[in-house]
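Here is a short report on one model. Look over the sequence and the structure before reading on.

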Amino acid sequence: MVAQRYFEALAADDWDRVDSLWADGAFVRVVGKLKLRVPDEWRALIERVRRSFPDASFELQRVSSDGELAAARWRISGMFDGEPVSYT
């Protein structure tokens, strides 16, 4: 499953592999908060999160898909040790 490989790459901070799993023109929508172009805007947000939560771990909880579209429910957890992360 592409989503599983994606979250494994994200957890490993393997941005070459993360980038290779996105379709051209894709985006990430953080429900109720943001719509981010990939890879640049999404990577910038994840890098800010990692600076604030150096031990951040990513857990894929559920994936729903329809053809080439997919939605993932995931969880990030870690110990806060940095600057607050703004989602605006």
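Which residues are exposed on the other side of α3? They are Asp 40 and Arg 51. Exposed means over 50% relative accessible area, buried under 20%, and partly exposed in between (1.4 Å probe, protein chains only).

This is a predicted model: local features need pLDDT of at least 70, side-chain atom pairs count only at pLDDT 80 or more, and totals for chains, interfaces and linings use all residues. Residues are numbered from 1 along each chain as its sequence is written, and side-chain values use heavy atoms, without hydrogens or water.

**Helix α3**

Helices (H or I, at least four residues) and strands (E, at least two) are DSSP runs, numbered from the N terminus. α3 has 13 residues and reaches 19 Å from its first C-alpha to its last. That is close to the expected 18 Å, taken as 1.5 Å times one less than the number of residues. Its buried residues are Trp 42, Leu 45, Ile 46, Val 49, Arg 50 and Ser 52. Seen down the axis of α3, they fall within an arc of 165°, so they line one face of the helix. The arc is that of the directions from the helix axis to the C-beta atoms.

Ser 52 is buried, at a relative accessible area of 2%. Leaving aside neighbours within four places in sequence, its contacts (heavy atoms within 4.5 Å) include Met 79, Phe 80 and Val 85.

**Core**

The largest nonpolar core has 19 residues. Such a core is a set of buried Ala, Val, Leu, Ile, Met, Phe, Trp, Tyr and Cys residues joined through side-chain atoms within 4.5 Å. Leu 10, Trp 42 and Leu 45 have the most contacts inside it. α1 gives the most to this core, with 5 residues.

Along β2 the side chains alternate.

**Aromatic pairs**

The whole structure holds 6 aromatic pairs. Rings of Phe, Tyr and Trp (its six-membered ring) pair if their centres lie within 6.5 Å; planes under 30 degrees apart count as stacked, over 60 as edge-to-face and the rest as tilted. Two of the pairs are tabulated.

| Pair | Centre to centre | Plane angle | Type |
|---|---|---|---|
| Tyr 6 and Phe 7 | 5.2 Å | 85° | edge-to-face |
| Phe 7 and Trp 74 | 5.8 Å | 50° | tilted |

Phe 7 lies in α1 and Trp 74 in β4, so their pair ties together parts 67 residues apart in sequence. Phe 7 is buried at 7% relative accessibility, whereas Trp 74 is partly exposed at 31%.
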